[in-house]
Amino acid sequence: MMKEAISVKKLSYSYRDGTKALENVNITINEGEKVVIIGPNGAGKTTLFLHLNGTIESPENNVYIFGQNIGKMATKDKIKEVGIVFQDPDNQLFMPTIFEDVAFGPINMGLDAEEVERRVKKALATVGLSGYEKRVPHHMSYGQKKKAALAAVLSMEPKILVLDEPTANLDPKSRSDLIRVINELNKKEGITIVIAMHDVNALSELSDRVYVLNKTIMAEGCARDIFSDSRLLEKNNLVAPDIFNLFKILKCFGYDYEELPLSMNEAAEILTKAIKSANGHIHLHIGEHTHDDIYKIIGP
Ligand SMILES: Nc1ncnc2c1ncn2[C@@H]1O[C@H](COP(=O)(O)OP(=O)(O)OP(=O)(O)O)[C@@H](O)[C@H]1O
Ligand SMILES: [Mg+2]
């Protein structure tokens, strides 16, 4: 049977100044799943995440981690189950050196020096920061700090990894390395992954399932269904991946294959299928309505 890693039931939350950030949010994430949460700025993604490790506690206690009410879990259990990588790495790194930052969690878990050392080494290697042990966090670049913040969470070896905007400010190589690392942690170690991100071009590679959050859950489903619903996207200030829209444009030029790609890899696969199924050629043309149809997708 599937185990529920995270269950959020009817969660509402207002900040002290009265800002209503979440309203009746319901989410269920199974162990081993990779789930991405998308939504516009101010949608409540970060607020939701702060509930997942008990940083913010809802009075009704409606967050469950592996069936346990988070309000009733001891801190040492919480940090073993859920690791959150914050949106801003400056909120995660506060020690004089990278080593101390990445060792902080394991030391607090009461692990012996040898195990702490092993975990720091492994975590830094995973994010591509081997050899950075003695560096001063606030003297590192923003992208390096993002990676160090991830290492500081990986060293605790949590069962659930929650990432708030992990690809923001990363260079293209670091971004694809990160996507690979996240997928490996999920596949090889069975770690449940929850990600909030605006980077829709990377979304399909990182998600089995998507939630659209805008104070409350607006939609839930696979990436293809979410991005095919243009009214949903418009209503929530979202856009589909560039490659998905490009293929929609090709359709205006007469490309007639049903399936639209969400990533470059998929585009190559789908185009191959489309060309093979049409005896080796696809035909494009400009018709009377072609450009009107295109404007409907990209605007005039
Ligand atoms: N400490 C706070 N006090 C008052 N209001 C807050 C606080 N933190 C966040 N908010 C408000 O709560 C709402 C949700 O904010 P949140 O940071 O969760 O959004 P988000 O989806 O993470 O946005 P982004 O995509 O910009 O990261 C916003 O209206 C925000 O202004
Ligand atoms: Mg946020």
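Predicted model: local features only at pLDDT ≥ 70, side-chain atom pairs only at ≥ 80, totals over all residues.
T46 belongs to helix α1 (residues 45–52), whereas Q87 sits in the loop between β6 (82–85) and α3 (98–108), so the pair ties together parts that are 41 residues apart in sequence.

The accessibility of three residues is set out below.

| Residue | Relative accessibility | Class |
|---|---|---|
| A43 | 1% | buried |

A43 is found in the loop between β3 (34–38) and α1. Its contacts, leaving aside residues up to four places away in sequence, are with A21, L213, N214 and K215. A43 and N236 are separated by 193 residues in sequence, yet their C-alpha atoms are 9.1 Å apart in space.

Helix α3 packs against helix α4 (residues 113–126) at an angle of about 125 degrees, and their axes are 9 Å apart. The two helices are therefore oblique to each other, and α3 passes α4 in a right-handed crossing. On the α3 side, the contact involves I98, F99, V102, A103, P106 and I107, which meet V116, E117, R119, V120, A123 and L124 of α4. By class, this contact of α3 with α4 comprises 10 nonpolar residues, two charged residues and no polar ones.

How values were computed. Residues numbered from 1 in each chain as written. Chains lettered and ligands numbered in written order. Heavy atoms only, no water. Helix = DSSP H or I, 4+ residues; strand = E, 2+ residues; numbered from the N terminus. Axes fitted to C-alpha atoms, helices over the stretch in contact; angles between N-to-C directions. Parallel < 35°, antiparallel > 145°, perpendicular 65-115°, else oblique. Left-handed = near helix turned anticlockwise from the far one by under 90°. Contact = heavy atoms within 4.5 Å. Nonpolar A, V, L, I, M, F, W, Y, C, P; charged D, E, K, R; others polar. Buried < 20%, exposed > 50% of the residue type's maximum accessible area, 1.4 Å probe, protein only.
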